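Hello,

Here is the structure I said I would pass on. My notes follow below it.

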Amino acid sequence: MPDPEANPAPVAEPLLHEDRLDYTPTTRSVPLARRRIARLVTEWGHPDIAGDAALVASELVTNSLLHGSLRDRLIRVRLTATATTLRVEVSDPRLERLPELRVAEDTDQFGRGLRLVEGLTDRWGLAPRAVGKTVYAEWDVTEAPVLLVGGKE
């Protein structure tokens with residue numbers, strides 16, 4: 001049996017910021033989530049990746065609507081920031097349809113979203129839940145800079 005002291009579990013970083021909101025499984029939720037993520041990431045001191053985070057959130061929410069939603073079950077979007085990581089999560093109630101990278105043909109209408117997520121983030125993945133799954137995307141960041149309000153620190 002492995003010795004737990006030989007390789008201790010990493011200590012989780014404290015959250016500097018956290019936001020979560022549940023959305024109805026409708027297409028109207030995509031732009032709402034995108035705008036919220038862009039605003040929060042900017043407010044949290046990372047305007048340089050706010051557009052990427054918003055686009056990734058759009059892709060993950062859209063995938064959730066297409067492949068993970070059930071009528072009358074909400075989709076949760078969670079955004080967290082630590083001193084070193086910004087993370088977007090989208091949780092839905094279906095585990096049987098897992099995301100996978102595809103190679104889309106030029107004529108394919110779908111199949112490029114996760115390639116986009118992969119290209120815009122430092123990592124992405126999924127975690128099963130008791131009911132459903134959470135798909136996440138992460139960016140490595142430095143501690144948020146001091147934001148100026150009204151020209152003063």
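**Salt bridges and other findings**

Asp-140 counts as partly exposed, at 48% relative accessibility. Please keep in mind that the model is predicted.

Asp-140 belongs to a network of salt bridges with shared partners, which also takes in Glu-18, Arg-20, Arg-78, Arg-87, Glu-89, Arg-123 and Glu-138. The side chain of Asp-140 meets that of Arg-123 in a salt bridge, 2.5 Å from N to O. This pair links distant parts of the chain, with Arg-123 in strand E4 (residues 123-128) and Asp-140 in strand E5 (residues 133-140), 17 residues apart. Arg-123 is also partly exposed, at 32%.

Glu-18 forms a salt bridge with Arg-78, the closest N and O atoms being 2.8 Å apart. Here too distant parts of the chain are linked: Glu-18 lies in strand E1 (residues 17-23) and Arg-78 in strand E2, 60 residues apart. Glu-18 has a second salt bridge, to Arg-20, at 3.6 Å from N to O. In the whole structure, the search finds eleven salt bridges.

Thr-82 sits in the loop between strand E2 (75-81) and strand E3 (85-92). Is Thr-82 buried or exposed? Its relative accessibility is 10%, so Thr-82 counts as buried. The side chain of Thr-82 makes a polar contact of 3.3 Å with that of Glu-13. Leaving aside residues up to four places away in sequence, Thr-82 touches Glu-13, Pro-14, Leu-15, Leu-16 and Val-141.

Last, helix H2 covers residues 47-67. At 1.5 Å a residue, its 21 residues should span 30 Å, and the end C-alpha atoms are 30 Å apart, which agrees. Among the buried residues of H2 are Ile-49, Ala-53, Val-56 and Leu-60.

Regards

Methods: Residues are numbered from 1 along each chain as its sequence is written. This is a predicted model: local features need pLDDT of at least 70, side-chain atom pairs count only at pLDDT 80 or more; totals for chains, interfaces and linings use all residues. Side-chain values use heavy atoms; hydrogens and water are left out. Helices (H or I, at least four residues) and strands (E, at least two) are DSSP runs, numbered from the N terminus. The expected span of a helix is 1.5 Å times one less than its number of residues. Buried means under 20% relative accessible area, exposed over 50%, partly exposed in between (1.4 Å probe, protein chains only). A polar contact is a pair of N or O atoms within 3.5 Å; within protein, one must be able to donate a hydrogen and the other to accept it, and residues adjacent in sequence count only if both atoms are side-chain atoms. Contact means heavy atoms within 4.5 Å. A salt bridge is a side-chain nitrogen of Lys or Arg within 4 Å of a carboxyl oxygen of Asp or Glu.
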